[in-house]
Amino acid sequence: MIELIQYSKSYGAYQAVKPLSLTMEPGVVTALLGPNGAGKTTTIRAIVGLTRPSAGQVKVQGIDVWKEPLKAKKLIGYIPDRPYLYGKLSARELLRFIAGVHNLKNAEPRIEEWLQFFGLEDFGNALIETFSHGMKQKLTVIAAMLPEPPVLVVDEPMVGLDPKAAKQVRELMQGHAQKGHTVLLTTHSMPLAETISEKIAVLHKGQLRALGNIEQLKERTHGGDLEDVFFKLLEEEEAGHAAAT
C-alpha cells in the first residue's frame, strides 16, 4: 500500500532523512517511532504529498505520489499532529466540502453518524474557529475517515483528546486496518504503539534503525515493554556510533 524506495530528504547541506526503503502492507498498523528530529514527520509529509523527496520514490498503491499527485491523494486520509481547518466554516460545511471533493454519494447520513460518534452533533453548525483543540482534532479525524480511505496516515493523533475520544480513535485505527486498509502511525506514546501496532519501524538521525513486530524487537534487545526496547535500540545505535569514531 505504501512504499518508500530509496527515499531521502535534504534541506541544504542537512540530510533530514537518509536513503530509506520501507513497505507498509494492507491490513497492518505500522508505527513509525523515533526521537524528535528523527525524520518521522518529514517522511509522513512526503507520503501525503506535502514535502517533495530530494531523491527516491514514494508510492501509494503503486502510484507515485509526486508524478500522479491527484490519483495518490484520493487514496490517502491524513490526520496531522495539529488540526488545519477552515475556521470560518461550520463543522457540517467542512464535511460536506470533503464529501464533494471525494464525490461521495448520500454523504449526509454518514456525516451525522460521525458527528454523533464523537459527540459533536450539537456543534455541527458552529464555526470551527470557536472549537476547542480537542474538538478540532475530532473533526480532523472525521474529515480523514469520511471517504473511507484505503491508506490512513496519522501523526500524533491523541494530542488534546479526552480519554474517551482517545479510545475511540485507537479503536478506529485498529478497525480500519482490520478492514484490509493500511494505517501508518507516528507517536511518542509507546503504550499506544504497543497496543495497536503489528509492525514497528524505528528512525534515528534520519536512518531506519530497526524494523519488525514487537516480539522480534524484544528478542533483539532482550527488552521488556516497547519503551524498554525503544531506548535499548537507541543505546545500541549510540554505542555503535561511539565505537566507530
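Trainee: Leaving aside neighbours within four places in sequence, which residues is K138 in contact with?

Mentor: F118, L120, L161, D162 and A165. Contact here means heavy atoms within 4.5 Å. One thing before we go on. This is a predicted model, where local features need pLDDT of at least 70, side-chain atom pairs count only at pLDDT 80 or more, and totals for chains, interfaces and linings use all residues. Residues are numbered from 1 along each chain as its sequence is written, and side-chain values use heavy atoms, with hydrogens and water left out.

Trainee: Okay. Where is K138?

Mentor: In helix α5, residues 133–145. Helices are DSSP runs of H or I with at least four residues, strands are runs of E with at least two, and both are numbered from the N terminus.

Trainee: Is K138 buried or exposed?

Mentor: K138 is buried, with a relative accessible area of 12%. Buried means under 20%, exposed means over 50%, and partly exposed is in between, using a 1.4 Å probe and protein chains only.

Trainee: You listed F118 as a contact. What about F118, buried or exposed?

Mentor: F118 is buried, because its relative accessibility is 4%. F118 also belongs to an aromatic cluster with W114 and F117.

Trainee: How many aromatic pairs are there?

Mentor: Five in the structure. Rings of Phe, Tyr and Trp (its six-membered ring) pair if their centres lie within 6.5 Å; planes under 30 degrees apart count as stacked, over 60 as edge-to-face and the rest as tilted.

Trainee: So which kind is F117 with F118?

Mentor: Edge-to-face, because the planes are at 85°. The ring centres are 5.0 Å apart. F117 is partly exposed, at 34% relative accessible area.

Trainee: What is the pairing of F230 and F231?

Mentor: They form an edge-to-face pair, with 5.5 Å centre to centre and 65° between the planes. F230 is buried at 6%. F231 is partly exposed at 45%.

Trainee: New topic. How many helices and strands does the chain have?

Mentor: Nine helices and 10 strands.

Trainee: And what is the radius of gyration?

Mentor: It is 19 Å. A compact globule of 245 residues would have a value near 18 Å, so the chain agrees with that. The radius is taken over C-alpha atoms, and the globule rule is 2.2 Å times the number of residues to the power 0.38.

Trainee: What box do the C-alpha atoms fill?

Mentor: Roughly 60 × 40 × 30 Å, along the principal axes.

Trainee: What share of the residues is buried?

Mentor: Of the 245 residues, 49% count as buried.

Trainee: And what share of contacts joins residues 24 or more positions apart?

Mentor: 65% of the contacts with a separation of 6 or more.

Trainee: Let's do loops. Where does T51 lie?

Mentor: In the loop between α1 (40–47) and β4 (55–60). T51 is buried at 9%. Leaving aside neighbours within four places in sequence, T51 is in contact with K9, Y11, R45, A46 and W66.

Trainee: Then what is phi of Q61?

Mentor: Near 50°, a positive value in a residue other than glycine. Q61 is in the loop between β4 and β5 (63–64). Q61 is partly exposed at 40%.

Trainee: And what is phi of N106?

Mentor: N106 has a positive phi of about 50°, although it is not a glycine. N106 sits in the loop between α3 (91–101) and α4 (107–117).

Trainee: N106: buried or exposed?

Mentor: Exposed, because its relative accessibility is 69%.
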